[in-house]
Amino acid sequence: MFVFMVNTVRFQAQAVKTYTVRSMPYPAKLSRESVLDAAQQLVEEQGAEALTMRTLAERLEVRPSSLYRHFAHREALLWAIGEQAARGLQQALQDAAAGQPARPALDAAARAYLAYARQHPHLYALLLTTPPELTPEQLAASAGKHLWNTLLALVGSLSGNPDDTPNAVALWTFLHGYAELERSGMFGASGPQGGLDIGLNALLGQMEGEAPAKT
């Protein structure tokens, strides 16, 4: 409040405060891809626990309600990020194996799997996200299914069995277990002491031994 005099008449005037109002971006301009990219970045930085629709909306500078136009709930968003992670891991396996004979290709793909888990621990964790209710057709088209098919094809190229599910499961179990032990620090300061090479050589040697003899 301040006071001033005009022609001996005393007036009181209320000080007026001014505010700058930042308008929120119009939700229609928000794409599913931009929401997913921002959510994935948040998860990469802080883990899935940090992802809420409100924190994501703050990052995108939109209202939380605008996110629900693209994802029905948080679980659907986490599933979509997990699908992105599956695509990234699948590409890593394919790139590592490209142009190599069967055994070196599978060995390189296995090490690429572990490198991805090491470099993207929060995204890797979402590969185990429970999927929403999917039809058999949707499940068959999912990125997780394509990732499995890539691993199965690499295993089949070595063992000679294009549908070698037992060996593919054995390899995936070994790789996932190794990745989790490494992530949790269970190997300790001394490291795995060559355990990765021993395990991979045993598994790949078994697959190679099962391959039909070449005539």
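A residue is called buried when its relative accessible area is under 20%, exposed when the area is over 50%, and partly exposed in between, using a 1.4 Å probe and protein chains only. By this rule Ser-159 is buried, with a relative accessible area of 4%. The model is predicted; local features need a pLDDT of at least 70, side-chain atom pairs count only at pLDDT 80 or more, and totals for chains, interfaces and linings use all residues. Residues are numbered from 1 along each chain as its sequence is written, and side-chain values use heavy atoms, with hydrogens and water left out.

The overall make-up comes first. The protein chain has 10 helices and 2 strands. Helices (H or I, at least four residues) and strands (E, at least two) are DSSP runs, numbered from the N terminus. Their order from the N terminus is β-β-α-α-α-α-α-α-α-α-α-α. The protein chain holds 215 residues, and 34% of them count as buried. A contact means heavy atoms within 4.5 Å. Among contacts with a separation of 6 or more, 64% join residues 24 or more positions apart.

Confidence is given by pLDDT, the predictor's score for each residue, from 0 to 100. The protein chain averages 87, and 86% of the residues score at least 70. Among the elements, helix 5 (residues 102–119) has the highest mean pLDDT, at 98. Strand 1 (residues 2–6) has the lowest, at 38. Over residues 1–28 the pLDDT is below 50, and this stretch has 24 contacts in the model beyond near neighbours in sequence. Where pLDDT is low, the predicted coordinates should not be read in detail.

One annotated region follows. The unreviewed UniProt entry carries the annotation "DNA-binding region" for residues 52–71. UniProt positions are given in the numbering used here, feature names are shortened, and annotations may be inferred rather than shown by experiment. Residues 52–71 are 60% helix and 0% strand.

Helix 2 spans residues 53–60, and its residues Met-53, Leu-56, Ala-57 and Leu-60 are buried. Seen down the axis of helix 2, the buried residues fall within an arc of 100°, so they line one face of the helix. The arc is that of the directions from the helix axis to the C-beta atoms. These buried residues pack against helix 1 (32–46), helix 3 (64–67) and helix 4 (74–97). Arg-54 and Glu-58 are exposed, on the face of helix 2 turned away from the buried side. Just after helix 2, Glu-61 takes a positive phi of about 60°.

A salt bridge is a side-chain nitrogen of Lys or Arg within 4 Å of a carboxyl oxygen of Asp or Glu. The count comes to 6 salt bridges. One of them pairs Glu-45 with Arg-59, with the closest N and O atoms 2.9 Å apart. Glu-45 lies in helix 1 and Arg-59 in helix 2, so the pair ties together parts 14 residues apart in sequence. Glu-45 is partly exposed, with a relative accessible area of 44%. Arg-59 is partly exposed too, at 34%.

A further salt bridge joins Arg-103 and Glu-208, with the closest N and O atoms 2.8 Å apart. The pair links distant parts of the chain, since Arg-103 is in helix 5 and Glu-208 in helix 10 (residues 195–210), 105 residues apart. Arg-103 is partly exposed, with a relative accessible area of 24%. Glu-208 is partly exposed as well, at 39%.

Glu-182 and Arg-118 form another salt bridge, and here the closest N and O atoms are 3.0 Å apart. Glu-182 lies in helix 9 (residues 165–183) and Arg-118 in helix 5, distant parts of the chain that are 64 residues apart. Glu-182 is partly exposed, with a relative accessible area of 28%. Arg-118 is partly exposed, at 45%. Salt bridges that share partners join Asp-107, Arg-111 and Asp-197 into one network.

The buried Ser-159 belongs to helix 8 (residues 143–159). A polar atom of the Ser-159 side chain lies 3.3 Å from the backbone nitrogen of Asn-161. Leaving out residues up to four places away in sequence, Ser-159 touches Asp-164, Asn-167, Met-207, Glu-210, Ala-211 and Pro-212.

Methods. A polar contact is a pair of N or O atoms within 3.5 Å; within protein, one must be able to donate a hydrogen and the other to accept it, and residues adjacent in sequence count only if both atoms are side-chain atoms.
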